[in-house]
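User: Hello! I am new to this structure and would like to learn how to read its features. Could you guide me through them?

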Amino acid sequence: YERDDAAHNNLPVLFLHSKSTLGFPSGWSAPLTAATLIQAGVTPPFILASMQLPREDAILDQRDGREHLDRLIGDLMPYMNQSYGASTDPRQVGIGGTGVGAMFALQAATRAPGVFGQVLAESPSSWVNEGRLLQELERHIGPLPDR
């Protein structure tokens, strides 16, 4: 993969969210795991992008959560497409995270139907705000990601 060829790649992309600065919780080696799986031929090449949540409780604040999602969809996703060849096909665009990041990923999947075709929710903090987001997910009517 050469960055100059980015526009021709159309690679699957996974946007991971976390409260940690690097977007990956300590001890969770997502970049190393992804590289190992790609090199072993277990999974095809894909882009792993990390995005830090504005605050740990961002999903509790409707405005902050919405602004974060708007920045992801309006700024980061087009940048990743133009600069690195990240796919815009929902079947090849995933969103995920751990803890509060997992809850944000679930929330984003319901609030932006047709954008994300896959969700990775690792140990979601379902207890946050007395389970309000889980209640919201139960009431959700509309499409959800395939995976």
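Analyst: Two strands pair if DSSP finds at least two bridges between them. Helices (H or I, at least four residues) and strands (E, at least two) are DSSP runs, numbered from the N terminus. This is a predicted model, in which local features need pLDDT of at least 70, side-chain atom pairs count only at pLDDT 80 or more, and totals for chains, interfaces and linings use all residues. Residues are numbered from 1 along each chain as its sequence is written, and side-chain values use heavy atoms, with hydrogens and water left out.

User: Thanks! In which sense do β1 and β2 pair, and over how many bridges?

Analyst: Strands of a sheet pair through backbone hydrogen bonds, either parallel or antiparallel. Here β1 and β2 are linked by six bridges in the parallel sense, and Phe15 stands opposite Ala49 in β2. Strand β1 is also joined to β3 by five bridges, again parallel; there, Leu14 stands opposite Gly94.

User: What order do the strands take in the sheet?

Analyst: The open sheet has four strands, ordered β2-β1-β3-β4, with parallel pairing. At its edges are β2 (47–52) and β4 (118–124), each pairing on one side only. From one strand to the next, the twist averages 15°. Between β3 (residues 93–99) and β4 there are six bridges, and Gly96 has Leu120 of β4 as its bridge partner.

User: Which strands does helix α3 touch?

Analyst: Contact means heavy atoms within 4.5 Å. Axes are lines fitted to C-alpha atoms, for helices over the stretch in contact, and angles run from 0 to 180 degrees between N-to-C directions. Helix α3 (residues 100–111) packs on the sheet and touches β1 (13–18), β3 and β4; its direction makes about 145° with that of β3.

User: Which way do the residues of β1 point, and are they buried or exposed?

Analyst: In a regular strand the side chains alternate between the two faces of the sheet. From β1, Val13, Phe15 and His17 point one way, while Leu14, Leu16 and Ser18 point the other way, and all are buried. Buried means under 20% relative accessible area, exposed over 50%, and partly exposed in between (1.4 Å probe, protein chains only).

User: How many aromatic pairs does a search of the whole structure find?

Analyst: It finds one aromatic pair. The ring centres of Tyr79 and Tyr84 are 6.0 Å apart and their planes are at 75°, so this pair is edge-to-face. Rings of Phe, Tyr and Trp (its six-membered ring) pair if their centres lie within 6.5 Å; planes under 30 degrees apart count as stacked, over 60 as edge-to-face and the rest as tilted.
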